[in-house]
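User: Could you take a close look at one part of this model for me, the pair of helices that pack together, and tell me where that pair sits in the overall layout?

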Amino acid sequence: MKFLLESYGCQMNMAESVALENELIHSGIEKTENAEEADAVIINTCSVRKSAEDRIWGRLSYYGHLKKSRKLKLVVTGCMAERLQEDLKSSAPYVDAVIGTNEKLSIISYITDDRLDKAEKYTFEKSYYNEGDYSSYVPIMNGCNNFCTYCIVPYVRGREISRSVDEVLDEVRFLDRKGVKEITLLGQNVNSYNYDGVNFPGLLKLILKELNNIQWIRFESPHPKDFSDELIDLIATEERIASHIHLPMQSGSSRILKLMNRKADREAFIYLVEKMRKAIPDLSFATDVMVGFPTETEEEYEETLSMMEIMHPLEAFMYFYNLREGTPAAKMDGQIDEKTKGRRLQNLIDIQMERLFKEKETRVGQVCKVLVTGNTRDDKSKFLGRNEHNEMFSFASTCPLTAGKMVTVKAVGLKGNTYLGEMIDG
Ligand code: SF4
């Protein structure tokens, strides 16, 4: 029996797909990438953007056609399965099972013997690791209590649940023994972690005591309101916590941030950015920015541009507001037309790209640790890697390097977004 798993959406979803895939393989079901030979197709869906849902509807229709000519079990899980359970059943009747995010493990019994045992609750599984991985996710919490007015996550993922400290430490020890070099702690609102009085900085301190091989700890996605001084001090003093921080901005306008229910206004966000810059050596930011939220004026959009200038992130995930049925923002008056949203987004992207290229040029000359990710496609003596700030490097080495090795590289040039490097130490 063979399964094919398609996955969409955030890193949490991707990590959960890896865990599910491992569970399926451990149950004796073979993995395939070829739909023609699959006995079961599982689609792990995402509801955050309408475009993702549209794409998934297209994939469902493709598999619906495939089912006309051969026997195939089609299973939908993930956020769309939570949000659109009834729609899926009526509009895509060829879908055999719609299984919510917290019941993913029942997919195994469903595929193997047609039994849907909803009692098998999906928890945080110790199976995100694949043999040979040098980088791994460690989910530490799930769900969200923040209810940003544009976001569907609290409705489909439910309220925040933190994974037990013992489970997290067990998994970290396991990954460290396996020689993993980089872990990313995951959660929809990762820095609100709290288990039996152990908060997020407390958990990081316990994790740090367990490390021998792991060199970088990252975390995704924090909320600005939960960025405590304790957390900032820890990042500032602890080299193994990567100083590339994802801090979602969303908007530069206090009025829009309030409408979004983001809980931190423009001044508070700028104060946080400046405080972190002062405290953390060699800090860089990644951020999320949304334009075209209902009622956003040109002046408020300009405020977002100016906040990007102040923050100058090295990575920015930029998008325009996408109406999600079932969220408060979907019912707001003053929805912005697609053309205006598109223009604002394109302008934001153009400005960010131009600024980023200039900033990257000033970083030529940096000497840094680079995690090797593999060879370049056309030249086997050249290698690719990324540094603590997620910047890409391409460099030559006279000795063969394996993915997962840490080397020291000097950036001597820049081609597009990739630094041309000289290896100093391997
Ligand atoms: S913090 Fe806001 S944007 Fe992030 S998952 Fe929670 S509700 Fe959604």
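Analyst: Domain bounds here come from an automatic or database domain assignment. On that basis, the chain splits into domain 1 (2-113), domain 2 (124-242), domain 3 (279-362) and domain 4 (367-425). Keep in mind that this is a predicted model: local features need pLDDT of at least 70, side-chain atom pairs count only at pLDDT 80 or more, and totals for chains, interfaces and linings use all residues. Residues are numbered from 1 along each chain as its sequence is written.

Now the helices, which are DSSP runs of H or I with at least four residues, numbered from the N terminus. Helix α11 covers residues 266-279 and helix α12 covers residues 298-311. Their axes come within 10 Å and cross at roughly 15°. Those axes are lines fitted to C-alpha atoms over the stretch in contact, with angles running from 0 to 180 degrees between N-to-C directions. So α11 is roughly parallel to α12, a label for angles under 35 degrees.

Who touches whom? From α11 you get R266, I270 and V273, and from α12 E303, M307, I310 and M311. Contact here means C-beta atoms, placed from the backbone, within 7 Å. By class, this contact has 5 nonpolar, no polar and 2 charged residues. Ala, Val, Leu, Ile, Met, Phe, Trp, Tyr, Cys and Pro count as nonpolar, Asp, Glu, Lys and Arg as charged, and the others, Gly among them, as polar.

Back to the layout: the C-alpha centres of domain 3 and domain 4 lie 31 Å apart. Their contact takes 5 residues from domain 3 and 4 from domain 4. On the domain 3 side, that's 1 nonpolar, 1 polar and 3 charged.

Technical notes
Two residues are in contact if their C-beta atoms, placed from the backbone, lie within 7 Å. Helices (H or I, at least four residues) and strands (E, at least two) are DSSP runs, numbered from the N terminus. Angles under 35 degrees count as roughly parallel, over 145 as roughly antiparallel, 65 to 115 as roughly perpendicular and the rest as oblique.
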